[in-house]
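The points are numbered and can be read alongside the model.

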Amino acid sequence: MGDKAQIQEAIKTQGEVVRKLKTEKASQEQINEEVAKLLQLKASLGEDDGKHQFVLKTAKGTRDYNPKQMAIRERVFNTIVGSFKRHGAETIDTPVFELKETLTGKYGEDSKLIYDLKDQGGELLSLRYDLTVPFARYLAMNKITNIKRYHIAKVYRRDNPAMTRGRYREFYQCDFDIAGQYDAMIPDAECLKIVYEILSELDLGDFRIKVNDRRILDGMFAVCGVPKDKFRTICSTVDKLDKLPWEEVRKEMVNEKGLSEAAADQIGEYVSMQGGLDLAERLLKDQKLSQSKDACDGLTDIKLLFTYLQIFQVTDKVVFDLSLARGLDYYTGIIYEAVLTQAGVSLVSAEGQNGAPPEESVNVGSVAGGGRYDGLVGMFDSKGRKVPCVGVSIGIERIFSIMEQKAEASAEKVRTTEVQILVASAQKNLLEEKLKLITELWKAGIKAEVMYKKNPKLLSQLQYCEEMGIPLVAILGEQELKDGVVKLRAVATREELDISRSDLIGEIRKRTSEA
C-alpha cells in the first residue's frame, strides 16, 4: 500500500508540473514529454482489472503532424521544390532501407548513428542515414554519369533528439545534386545560389552560408603537423566548433585524439579565420599553407567560386570560414553550411550560446549543408570509375520548427484545406439539388464541399466557412431553383449576388484567382 500511496503522490506532483507548463505556454514537445511521464505513473498503479496497459505516445525522436502543421510543411516543400525545378532538376526515389554494407564506412564517426534492422535470416539491412549515399549507389548501379536531381524523403538517425530545436530521429531531407564532369566551381556556385534563394524566399530571418574546402583542411592539418592517419578524426573534432568553444575542441584533440599541443594551437590560429575572396588571396601567400598543394588547389577554387557568387549576387550572405569541417568522410572538395543568425529566435537552446548578450546574433543552427564528393560513386563501381558530384541538403525539420513558431507568434490563421466554395441550402429537403450542383463543380475542377447532413441550418453552414477559411458559399433555395440561379455569398464581406447556373463556374474561378 505504501508504494501505491507514493505513486499517487507522484501523480499529483506530475499533474501540477503539466498544469504549470500549460499555464506558462511551454513548447508542445515539452508538455507531451511530461504528459507521457504522468500517463506512465498512472499506468504503474495497475488499476486496470488485470488488463495490460501501455502508454500511447510516439517513439522517441519522432512526432505526429496535425493539419495546420502539415499545411505549413506543404508551403515549405512547394518553395523548395519550386527552386529545384527552376534550376532544371528531375526527381528520383530510392528504398528507405539499404544493404548494410552500402552504408558502412561512409559517415566517419557518425556511422554509430545508423539504424540497423534486425537480422531475420536474409540480407543485413540498415535504414538510410541520408539521401547522398543511396544516390551514389543509384548512379553506380545504373551507370549514370550525368544527372541533375532532387530527392525529398525521410531519413533515420539514432541521435539524441532535441525536439524543440528541430532535431529528430526520423526526419525529411531535401537534396539537390549535380553529377557529371563539368568545369570547376560552376555547379558548386549554383548549389549555393539555390540555398540563398530558398532561405530568402522562406523569410526565416538573417542567415550566413559558410564555405570551406576539404583540401584546405587537409593541407592545414599537414602543415600543422597532424599525422595523415589522423586527418579524418581531427576533422570530425573541428566539426564540433559550431557547438563547442575552442578550449573544449582543443582538449578533445590533445587528450582523446592524441594530437600534440603545438599542432592543436597552430590549427587554432587557422580555424579562427573568416573572410571572403581577400582571405583566399591572403592564404595563398601564407608561408606555411602555401607549401601544401592540396591547400593551394582548394584556395584557387574558393577564389573562382567567389567570382561566380558575385555574378549570382549572393556574396552578401557567404563567408569563407576555415572552421567549417563537416564530419562526413565522403567530401573531397568544396563544403558549405547555412546557419540562421537571427537574434531572439526561441529555437536556440543554451547549448553553444555561452550566455551571449541578447543584442548579439545567435546561431540557431544549421539549416542546409553540402559539398563536393567526387569519390563516392567510384566506391560502388566495380572498376572504381568516378562520377564527380556536388550537392546540397536542406535541413527541413529545423525550418519547419521556425515556421511553426512564426505562425504561432503572429496568430496567423493557417488554412488546412484549399476548398474554394461550400454548397449550402437555405431550406429543407434540398440535399439532392446540392449534390447535383457540387457534382458540376467537381467536374469543372472546382474545390468544393457540402455538409454531410440532410437539412443543416444555414447559420451552421456559414459558421463552418468562417472556421475553415472557405471564401465563397453557393446558396440554393426553392426560389433560386425556380429562377435557374445560385446565390453566391462572399464570406468575408457577406455580400450576396444572384448568378445564373451557367455563369457560376466562371465567377468562382474569377473570384478565387483574385484572392
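1. The sheet. Nine strands form an open sheet with mixed pairing, in the order S1-S4-S5-S11-S10-S9-S6-S8-S7. Its edge strands are S1 (90-91) and S7, each of which pairs on one side only. Strands here are DSSP E runs of at least two residues and helices are H or I runs of at least four, both numbered from the N terminus; two strands pair if DSSP finds at least two bridges between them. Strands of a sheet pair through backbone hydrogen bonds, either parallel or antiparallel.

2. Basis of the note. This is a predicted model, in which local features need pLDDT of at least 70 and side-chain atom pairs count only at pLDDT 80 or more, while totals for chains, interfaces and linings use all residues. Residues are numbered from 1 along each chain as its sequence is written, and side-chain values use heavy atoms, with hydrogens and water left out.

3. Confidence. The mean pLDDT (the predictor's confidence in each residue, from 0 to 100) is 88 for the protein, and 92% of its residues reach 70 or more. Over residues 343-363 the pLDDT is below 50; this stretch has 35 contacts in the model beyond near neighbours in sequence. Contact means heavy atoms within 4.5 Å.

4. Strands S9 (residues 334-340) and S10 (residues 365-372) pair in the antiparallel sense over six bridges. Ala 338 stands opposite Ala 368 in S10.

5. Helices on the sheet. H3 packs on the sheet and touches S4 (147-156), S5 (170-179) and S11 (389-394), its direction making about 10 degrees with that of S5. H14 (residues 396-410) also packs on the sheet, touching S5, S9, S10 and S11, and its direction makes about 125 degrees with that of S5. Axes are lines fitted to C-alpha atoms, for helices over the stretch in contact, and angles run from 0 to 180 degrees between N-to-C directions.

6. Helix H14. What is buried in this helix? The buried residues (under 20% relative accessible area; exposed is over 50%, partly exposed in between, with a 1.4 Å probe and protein chains only) are Ile 396, Glu 397, Arg 398, Ile 399, Phe 400, Ser 401, Ile 402, Met 403, Glu 404 and Ala 407. Their cover includes H3, S5, H6 (186-202), S9, S10 and S11. Just after H14, Ala 411 takes a positive phi of about 55 degrees.

7. Ser 83. This residue belongs to H3 (residues 67-86). Ser 83 counts as buried because its relative accessibility is 0%. Leaving aside residues up to four places away in sequence, Ser 83 touches Ile 194, Glu 197 and Ile 198.

8. Helix H11. Leu 279, Ala 280 and Leu 283 are the buried residues of H11 (residues 277-284). They lie on the same side of H11 because they cover an arc of only 100 degrees around the axis, the arc being that of the directions from the helix axis to the C-beta atoms. Among the elements covering them are H10 (261-271), S7 (274-275), H12 (293-311) and S8 (318-321).

9. Positive phi in loops. Most residues other than glycine have a negative phi. Asn 429, in the loop between S12 (421-425) and H15 (431-443), has a positive phi near 60 degrees. At 69% relative accessibility, Asn 429 counts as exposed. Arg 494, in the loop between S15 (485-490) and S16 (496-500), has a positive phi of about 65 degrees. Arg 494 is exposed, with a relative accessible area of 54%.
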